[in-house]
Amino acid sequence: MTTLLHTPIKLGVLHLPNRIIMAPLTRMRAPNSIPTDLMATYYSQRASAGLIISEATPISPQGVGYPATPGIWNQQQVEAWQKITVAVHEQNGRMVLQLWHVGRISHPDFHDGDLPVAPSALAPKGNAITPTGMKPFVTPRALATDEIPGIIENYRQAAKNALAAGFDGVEIHSANGYLLDQFLRDGSNQRTDQYGGSLENRVRLLLEVSAAVIDVCGAERVGIRLSPSGTFNDMADSNPEAIFGYLLTELNRFNLAYLHIVDALDGDIQHGAKVIKLAVLRKAYQGKLIVCGGYDQARAEKTLADNMADAVAFGQLYIANPDLLERFLQHAPLNVPDPNTFYGGDERGYTDYPNLAG
Ligand SMILES: Cc1cc2nc3c(=O)[nH]c(=O)nc-3n(C[C@H](O)[C@H](O)[C@H](O)COP(=O)(O)O)c2cc1C
(Lines give C-alpha, C1' and ligand atoms only; values in the text may rest on other atoms or scores of the structure.)
Protein backbone atom coordinates (compact mmCIF):
# COMPACT_ATOMS: atom_id res chain seq x y z
CA MET A 1 0.00 0.00 0.00
CA THR A 2 1.47 3.36 -0.94
CA THR A 3 1.28 6.13 1.58
CA LEU A 4 1.59 9.90 1.45
CA LEU A 5 5.27 9.50 2.36
CA HIS A 6 5.71 7.44 -0.79
CA THR A 7 4.22 10.01 -3.18
CA PRO A 8 6.52 12.20 -5.34
CA ILE A 9 7.17 15.87 -4.76
CA LYS A 10 9.10 18.64 -6.49
CA LEU A 11 11.38 20.78 -4.32
CA GLY A 12 12.74 23.54 -6.56
CA VAL A 13 14.34 21.71 -9.49
CA LEU A 14 14.67 18.51 -7.48
CA HIS A 15 12.15 15.82 -8.43
CA LEU A 16 11.82 13.53 -5.44
CA PRO A 17 10.14 10.13 -5.99
CA ASN A 18 9.05 10.15 -2.32
CA ARG A 19 8.84 12.43 0.71
CA ILE A 20 11.13 10.42 2.99
CA ILE A 21 14.20 12.59 3.54
CA MET A 22 17.51 11.53 5.09
CA ALA A 23 18.28 14.18 7.73
CA PRO A 24 21.78 15.65 7.97
CA LEU A 25 23.83 13.44 10.31
CA THR A 26 27.36 14.18 11.51
CA ARG A 27 29.22 10.88 11.80
CA MET A 28 32.82 12.05 12.30
CA ARG A 29 34.44 9.46 10.06
CA ALA A 30 36.43 11.77 7.76
CA PRO A 31 40.01 12.02 9.09
CA ASN A 32 41.82 15.26 8.15
CA SER A 33 38.49 16.68 6.89
CA ILE A 34 38.64 14.51 3.73
CA PRO A 35 35.54 12.45 2.76
CA THR A 36 36.22 8.71 2.45
CA ASP A 37 35.20 5.78 0.26
CA LEU A 38 33.34 4.29 3.24
CA MET A 39 31.15 7.39 3.22
CA ALA A 40 30.29 6.64 -0.44
CA THR A 41 29.10 3.19 0.63
CA TYR A 42 27.09 4.63 3.54
CA TYR A 43 25.31 7.28 1.49
CA SER A 44 24.65 5.07 -1.55
CA GLN A 45 23.09 2.45 0.76
CA ARG A 46 20.51 5.15 1.62
CA ALA A 47 19.91 6.40 -1.95
CA SER A 48 16.25 5.33 -2.03
CA ALA A 49 15.47 8.34 0.19
CA GLY A 50 13.61 11.10 -1.66
CA LEU A 51 16.57 13.31 -0.83
CA ILE A 52 19.80 12.79 1.11
CA ILE A 53 21.01 15.81 3.05
CA SER A 54 24.71 15.34 3.79
CA GLU A 55 26.25 15.57 7.20
CA ALA A 56 27.11 19.14 8.19
CA THR A 57 30.21 20.17 6.21
CA PRO A 58 32.47 23.05 7.25
CA ILE A 59 32.88 25.78 4.63
CA SER A 60 36.31 26.82 5.94
CA PRO A 61 38.90 25.73 8.52
CA GLN A 62 37.48 28.46 10.77
CA GLY A 63 34.07 26.73 10.56
CA VAL A 64 35.32 23.44 12.05
CA GLY A 65 34.33 22.43 15.58
CA TYR A 66 34.35 18.62 15.71
CA PRO A 67 37.00 16.02 14.83
CA ALA A 68 36.91 14.17 11.51
CA THR A 69 34.14 16.21 9.90
CA PRO A 70 34.47 16.44 6.09
CA GLY A 71 35.11 19.89 4.60
CA ILE A 72 34.29 21.56 1.27
CA TRP A 73 36.93 24.29 1.06
CA ASN A 74 39.67 22.64 -1.02
CA GLN A 75 40.12 20.66 -4.23
CA GLN A 76 41.06 17.42 -2.49
CA GLN A 77 37.75 17.52 -0.61
CA VAL A 78 35.82 18.31 -3.81
CA GLU A 79 37.34 15.29 -5.54
CA ALA A 80 36.61 13.04 -2.58
CA TRP A 81 32.98 14.22 -2.44
CA GLN A 82 32.69 13.57 -6.21
CA LYS A 83 33.07 9.85 -5.59
CA ILE A 84 30.19 10.04 -3.12
CA THR A 85 27.80 11.96 -5.37
CA VAL A 86 28.60 9.60 -8.26
CA ALA A 87 27.86 6.59 -6.04
CA VAL A 88 24.54 8.10 -4.91
CA HIS A 89 23.53 9.06 -8.46
CA GLU A 90 24.42 5.56 -9.70
CA GLN A 91 21.80 4.31 -7.25
CA ASN A 92 19.32 6.88 -8.66
CA GLY A 93 19.51 9.06 -5.55
CA ARG A 94 19.64 12.82 -5.04
CA MET A 95 21.92 14.55 -2.55
CA VAL A 96 22.48 18.07 -1.27
CA LEU A 97 25.40 19.28 0.85
CA GLN A 98 24.77 20.92 4.22
CA LEU A 99 26.97 24.06 4.50
CA TRP A 100 28.25 24.59 8.04
CA HIS A 101 30.14 27.10 10.14
CA VAL A 102 30.09 26.19 13.83
CA GLY A 103 30.97 29.67 15.17
CA ARG A 104 31.57 29.44 18.92
CA ILE A 105 30.84 25.69 19.13
CA SER A 106 34.52 24.97 18.64
CA HIS A 107 37.80 25.11 20.53
CA PRO A 108 41.30 26.64 20.07
CA ASP A 109 42.60 23.09 19.53
CA PHE A 110 41.03 23.24 16.05
CA HIS A 111 42.56 26.63 15.24
CA ASP A 112 46.25 26.45 16.18
CA GLY A 113 45.41 28.01 19.52
CA ASP A 114 43.32 30.89 18.10
CA LEU A 115 39.89 31.55 19.57
CA PRO A 116 36.73 30.38 17.82
CA VAL A 117 34.67 33.25 16.35
CA ALA A 118 31.10 34.28 17.13
CA PRO A 119 28.74 37.25 16.89
CA SER A 120 29.70 38.27 20.46
CA ALA A 121 32.30 37.27 23.05
CA LEU A 122 29.89 35.06 25.01
CA ALA A 123 30.90 31.52 25.97
CA PRO A 124 28.28 28.82 25.53
CA LYS A 125 27.72 26.48 28.46
CA GLY A 126 29.08 22.99 27.94
CA ASN A 127 32.01 21.21 26.39
CA ALA A 128 33.65 21.09 23.00
CA ILE A 129 34.44 17.70 21.50
CA THR A 130 38.12 18.04 20.61
CA PRO A 131 40.49 15.47 19.09
CA THR A 132 41.80 14.81 22.61
CA GLY A 133 38.44 14.64 24.41
CA MET A 134 35.86 16.97 25.92
CA LYS A 135 37.06 20.44 26.98
CA PRO A 136 34.99 23.34 28.32
CA PHE A 137 33.95 25.90 25.71
CA VAL A 138 36.08 29.05 25.77
CA THR A 139 34.87 32.62 25.37
CA PRO A 140 34.94 33.19 21.60
CA ARG A 141 36.23 36.26 19.78
CA ALA A 142 33.52 38.59 18.41
CA LEU A 143 33.81 38.93 14.65
CA ALA A 144 34.74 42.42 13.46
CA THR A 145 32.26 43.92 11.02
CA ASP A 146 34.87 43.91 8.27
CA GLU A 147 35.39 40.15 8.67
CA ILE A 148 31.80 39.37 7.71
CA PRO A 149 32.24 39.73 3.91
CA GLY A 150 34.99 37.10 4.09
CA ILE A 151 32.64 34.64 5.77
CA ILE A 152 29.95 35.28 3.15
CA GLU A 153 32.62 34.69 0.51
CA ASN A 154 33.50 31.35 2.18
CA TYR A 155 29.84 30.29 1.85
CA ARG A 156 29.78 31.38 -1.80
CA GLN A 157 32.96 29.41 -2.60
CA ALA A 158 31.74 26.37 -0.66
CA ALA A 159 28.50 26.40 -2.69
CA LYS A 160 30.54 26.56 -5.91
CA ASN A 161 32.65 23.67 -4.67
CA ALA A 162 29.52 21.67 -3.81
CA LEU A 163 28.23 22.02 -7.38
CA ALA A 164 31.69 21.09 -8.71
CA ALA A 165 31.55 18.00 -6.49
CA GLY A 166 28.30 16.95 -8.19
CA PHE A 167 25.77 17.76 -5.47
CA ASP A 168 22.21 18.50 -6.62
CA GLY A 169 22.06 21.53 -4.36
CA VAL A 170 22.96 22.81 -0.91
CA GLU A 171 21.30 23.28 2.46
CA ILE A 172 22.43 26.27 4.53
CA HIS A 173 22.74 25.11 8.14
CA SER A 174 21.19 27.87 10.23
CA ALA A 175 19.98 25.57 13.02
CA ASN A 176 21.17 23.92 16.23
CA GLY A 177 23.18 26.77 17.73
CA TYR A 178 25.87 27.14 15.06
CA LEU A 179 27.16 30.43 13.60
CA LEU A 180 24.10 31.57 11.64
CA ASP A 181 21.75 30.58 14.49
CA GLN A 182 24.06 32.43 16.94
CA PHE A 183 23.51 35.60 14.89
CA LEU A 184 19.71 35.15 14.89
CA ARG A 185 19.25 34.92 18.67
CA ASP A 186 19.76 37.71 21.16
CA GLY A 187 21.07 35.22 23.75
CA SER A 188 24.26 34.92 21.66
CA ASN A 189 24.16 38.10 19.55
CA GLN A 190 24.68 41.35 21.43
CA ARG A 191 26.34 43.24 18.59
CA THR A 192 25.83 46.93 18.09
CA ASP A 193 26.69 47.07 14.36
CA GLN A 194 24.33 46.30 11.46
CA TYR A 195 24.45 42.56 12.33
CA GLY A 196 23.00 42.87 15.85
CA GLY A 197 20.16 44.42 17.80
CA SER A 198 16.97 44.77 15.71
CA LEU A 199 15.23 41.82 14.03
CA GLU A 200 16.32 43.21 10.69
CA ASN A 201 19.95 43.32 11.81
CA ARG A 202 19.99 39.83 13.34
CA VAL A 203 18.65 38.15 10.17
CA ARG A 204 21.03 40.12 7.95
CA LEU A 205 23.90 37.63 7.92
CA LEU A 206 21.67 34.67 7.03
CA LEU A 207 19.99 36.69 4.27
CA GLU A 208 23.33 37.85 2.85
CA VAL A 209 24.73 34.30 2.97
CA SER A 210 21.54 33.04 1.29
CA ALA A 211 21.80 35.66 -1.46
CA ALA A 212 25.44 34.68 -2.14
CA VAL A 213 24.64 30.96 -2.23
CA ILE A 214 21.56 31.55 -4.43
CA ASP A 215 23.73 33.60 -6.77
CA VAL A 216 25.90 30.50 -7.26
CA CYS A 217 23.29 27.71 -7.27
CA GLY A 218 19.96 29.34 -8.12
CA ALA A 219 17.27 29.46 -5.42
CA GLU A 220 15.70 26.28 -6.79
CA ARG A 221 18.74 24.32 -5.55
CA VAL A 222 18.99 25.92 -2.11
CA GLY A 223 17.35 24.90 1.16
CA ILE A 224 17.74 26.43 4.62
CA ARG A 225 17.57 24.59 7.96
CA LEU A 226 16.23 26.36 11.08
CA SER A 227 15.48 25.19 14.62
CA PRO A 228 13.16 27.91 15.95
CA SER A 229 12.40 26.04 19.19
CA GLY A 230 15.91 24.71 19.67
CA THR A 231 17.95 25.12 22.85
CA PHE A 232 20.81 22.82 21.77
CA ASN A 233 24.27 24.41 22.11
CA ASP A 234 22.97 26.90 24.68
CA MET A 235 20.63 28.79 22.36
CA ALA A 236 18.19 31.30 23.82
CA ASP A 237 16.15 34.23 22.56
CA SER A 238 13.92 36.67 24.39
CA ASN A 239 11.22 36.41 21.71
CA PRO A 240 11.69 33.53 19.23
CA GLU A 241 8.28 34.10 17.59
CA ALA A 242 9.33 37.64 16.67
CA ILE A 243 12.72 36.78 15.15
CA PHE A 244 11.59 33.63 13.34
CA GLY A 245 8.31 35.23 12.22
CA TYR A 246 10.27 38.13 10.73
CA LEU A 247 12.81 35.76 9.15
CA LEU A 248 10.15 33.62 7.46
CA THR A 249 8.54 36.71 5.96
CA GLU A 250 11.93 37.62 4.49
CA LEU A 251 12.61 34.07 3.28
CA ASN A 252 9.30 34.05 1.42
CA ARG A 253 10.92 36.42 -1.08
CA PHE A 254 13.64 33.89 -2.03
CA ASN A 255 11.60 31.09 -3.62
CA LEU A 256 13.90 28.47 -2.07
CA ALA A 257 13.77 24.77 -2.99
CA TYR A 258 12.67 24.20 0.60
CA LEU A 259 12.77 25.32 4.19
CA HIS A 260 13.73 22.62 6.70
CA ILE A 261 12.42 22.99 10.24
CA VAL A 262 13.71 21.05 13.24
CA ASP A 263 10.64 20.64 15.43
CA ALA A 264 10.86 21.09 19.19
CA LEU A 265 12.58 18.01 20.62
CA ASP A 266 11.94 16.54 24.07
CA GLY A 267 15.30 17.94 25.20
CA ASP A 268 14.29 21.46 24.15
CA ILE A 269 11.03 21.21 26.06
CA GLN A 270 12.90 19.98 29.15
CA HIS A 271 15.25 22.96 28.76
CA GLY A 272 12.27 25.30 28.90
CA ALA A 273 12.18 26.12 25.18
CA LYS A 274 9.65 28.66 24.01
CA VAL A 275 8.11 26.25 21.52
CA ILE A 276 6.86 27.65 18.23
CA LYS A 277 4.17 25.33 16.91
CA LEU A 278 4.60 23.83 13.45
CA ALA A 279 1.18 25.22 12.48
CA VAL A 280 2.43 28.77 13.12
CA LEU A 281 5.53 28.22 10.99
CA ARG A 282 3.55 26.51 8.24
CA LYS A 283 1.23 29.49 8.05
CA ALA A 284 4.07 32.02 7.98
CA TYR A 285 6.14 30.30 5.28
CA GLN A 286 4.70 30.05 1.77
CA GLY A 287 7.15 27.60 0.16
CA LYS A 288 7.85 23.89 0.51
CA LEU A 289 8.50 22.70 4.06
CA ILE A 290 10.48 19.70 5.33
CA VAL A 291 10.00 18.89 9.01
CA CYS A 292 12.24 16.79 11.24
CA GLY A 293 12.60 15.78 14.88
CA GLY A 294 11.39 12.60 16.56
CA TYR A 295 9.11 11.49 13.71
CA ASP A 296 8.06 7.89 13.18
CA GLN A 297 6.06 6.66 10.21
CA ALA A 298 2.63 7.22 11.79
CA ARG A 299 3.37 10.75 12.97
CA ALA A 300 4.95 11.61 9.62
CA GLU A 301 1.89 10.34 7.71
CA LYS A 302 -0.42 12.34 9.95
CA THR A 303 1.71 15.48 9.50
CA LEU A 304 1.46 15.16 5.71
CA ALA A 305 -2.26 14.30 5.87
CA ASP A 306 -2.85 17.41 7.99
CA ASN A 307 -0.85 19.44 5.44
CA MET A 308 1.55 20.63 8.13
CA ALA A 309 4.61 19.82 5.96
CA ASP A 310 5.45 18.65 2.43
CA ALA A 311 8.08 16.07 3.40
CA VAL A 312 9.56 14.56 6.57
CA ALA A 313 13.23 14.01 7.41
CA PHE A 314 14.39 11.14 9.60
CA GLY A 315 17.67 11.18 11.49
CA GLN A 316 18.22 8.28 13.87
CA LEU A 317 15.95 5.99 11.84
CA TYR A 318 18.17 6.56 8.79
CA ILE A 319 21.31 5.78 10.76
CA ALA A 320 19.96 2.29 11.45
CA ASN A 321 17.77 1.61 8.41
CA PRO A 322 19.38 2.12 5.00
CA ASP A 323 16.19 0.78 3.39
CA LEU A 324 13.82 2.91 5.47
CA LEU A 325 11.62 3.57 2.41
CA GLU A 326 11.06 -0.16 1.86
CA ARG A 327 10.49 -0.84 5.55
CA PHE A 328 7.85 1.91 5.72
CA LEU A 329 6.21 0.52 2.58
CA GLN A 330 5.96 -2.93 4.15
CA HIS A 331 5.35 -1.68 7.71
CA ALA A 332 8.31 -3.90 8.56
CA PRO A 333 10.18 -3.84 11.87
CA LEU A 334 13.00 -1.31 12.14
CA ASN A 335 16.64 -1.79 13.20
CA VAL A 336 17.45 0.05 16.42
CA PRO A 337 20.21 2.70 16.21
CA ASP A 338 23.22 2.30 18.52
CA PRO A 339 24.26 5.70 19.97
CA ASN A 340 27.73 4.32 20.84
CA THR A 341 28.66 4.29 17.16
CA PHE A 342 27.01 7.58 16.11
CA TYR A 343 30.21 9.65 16.21
CA GLY A 344 33.54 8.35 14.93
CA GLY A 345 34.76 4.80 14.42
CA ASP A 346 34.68 2.50 11.45
CA GLU A 347 32.08 0.55 9.46
CA ARG A 348 30.51 -0.79 12.64
CA GLY A 349 27.26 1.02 13.31
CA TYR A 350 27.78 2.83 9.99
CA THR A 351 27.57 0.63 6.90
CA ASP A 352 26.68 -2.69 8.56
CA TYR A 353 23.00 -2.14 9.46
CA PRO A 354 21.19 -4.84 7.48
CA ASN A 355 18.53 -4.36 4.83
CA LEU A 356 15.27 -6.30 5.12
CA ALA A 357 16.52 -9.01 2.84
CA GLY A 358 19.43 -9.41 5.23
C1 LIG B 1 24.30 11.45 15.27
C2 LIG B 1 23.59 12.72 14.89
C3 LIG B 1 24.23 13.64 14.12
C4 LIG B 1 23.56 14.81 13.71
N5 LIG B 1 24.19 15.69 12.87
C6 LIG B 1 23.52 16.76 12.37
C7 LIG B 1 24.11 17.59 11.38
O8 LIG B 1 25.23 17.36 10.91
N9 LIG B 1 23.39 18.66 10.94
C10 LIG B 1 22.13 18.93 11.41
O11 LIG B 1 21.52 19.91 10.98
N12 LIG B 1 21.54 18.13 12.33
C13 LIG B 1 22.19 17.05 12.79
N14 LIG B 1 21.57 16.21 13.67
C15 LIG B 1 20.14 16.40 13.98
C16 LIG B 1 19.29 15.53 13.04
O17 LIG B 1 19.39 15.99 11.70
C18 LIG B 1 17.80 15.55 13.45
O19 LIG B 1 17.32 16.87 13.42
C20 LIG B 1 17.60 14.95 14.84
O21 LIG B 1 18.28 13.71 14.96
C22 LIG B 1 16.12 14.73 15.14
O23 LIG B 1 15.55 13.85 14.20
P24 LIG B 1 15.29 12.29 14.51
O25 LIG B 1 14.44 12.26 15.76
O26 LIG B 1 14.57 11.76 13.31
O27 LIG B 1 16.63 11.64 14.73
C28 LIG B 1 22.23 15.05 14.13
C29 LIG B 1 21.60 14.11 14.95
C30 LIG B 1 22.25 12.94 15.32
C31 LIG B 1 21.52 11.92 16.16
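Start by selecting the cysteine sulfurs: a search of the whole structure turns up zero disulfides, a disulfide being a pair of cysteine sulfur atoms within 2.5 Å. Now pick out Cys 217, which is buried at 8% relative accessibility. Buried here means under 20% relative accessible area, exposed over 50%, and partly exposed in between (1.4 Å probe, protein chains only). Cys 292 is buried too, with a relative accessible area of 8%.

A word on what you're looking at: this is a predicted model, where local features need pLDDT of at least 70, side-chain atom pairs count only at pLDDT 80 or more, and totals for chains, interfaces and linings use all residues. Residues are numbered from 1 along each chain as its sequence is written, and side-chain values use heavy atoms, with hydrogens and water left out.

Zoom out and colour by secondary structure. The protein chain has eleven helices and 14 strands; helices (H or I, at least four residues) and strands (E, at least two) are DSSP runs, numbered from the N terminus. The C-alpha trace spans about 55 × 45 × 40 Å along its principal axes. Of the 358 residues in the chain, 59% are buried.

Next, the largest pocket. Its volume is about 1,300 Å³, counted as the space filled by probe spheres set on grid points joined across faces, edges and corners. A pocket is an open set of points on a 1 Å grid over the protein atoms alone, where a 1.4 Å probe fits, with protein on both sides within 12 Å along at least five of seven lines; lining residues have an atom within 4 Å of a point.

Which residues lie nearest the centre of the largest pocket? Select Asn 176, Phe 232, Leu 265, Gln 316 and Tyr 343, out of 49 lining residues. Then show the elements that give two or more residues to the lining: strand 5 (95-100), strand 7 (127-130), helix 7 (266-270), strand 14 (311-314) and helix 10 (316-320).

Last stop, two loops. Go to Asn 92, between helix 2 (75-90) and strand 5. Its phi is near 65 degrees, a positive value in a residue other than glycine, and Asn 92 is exposed, with a relative accessible area of 62%. Then move to Asp 112, in the loop between strand 5 and strand 6 (117-118). Asp 112 is not a glycine, yet has a positive phi of about 50 degrees; at 82% relative accessibility, Asp 112 counts as exposed.
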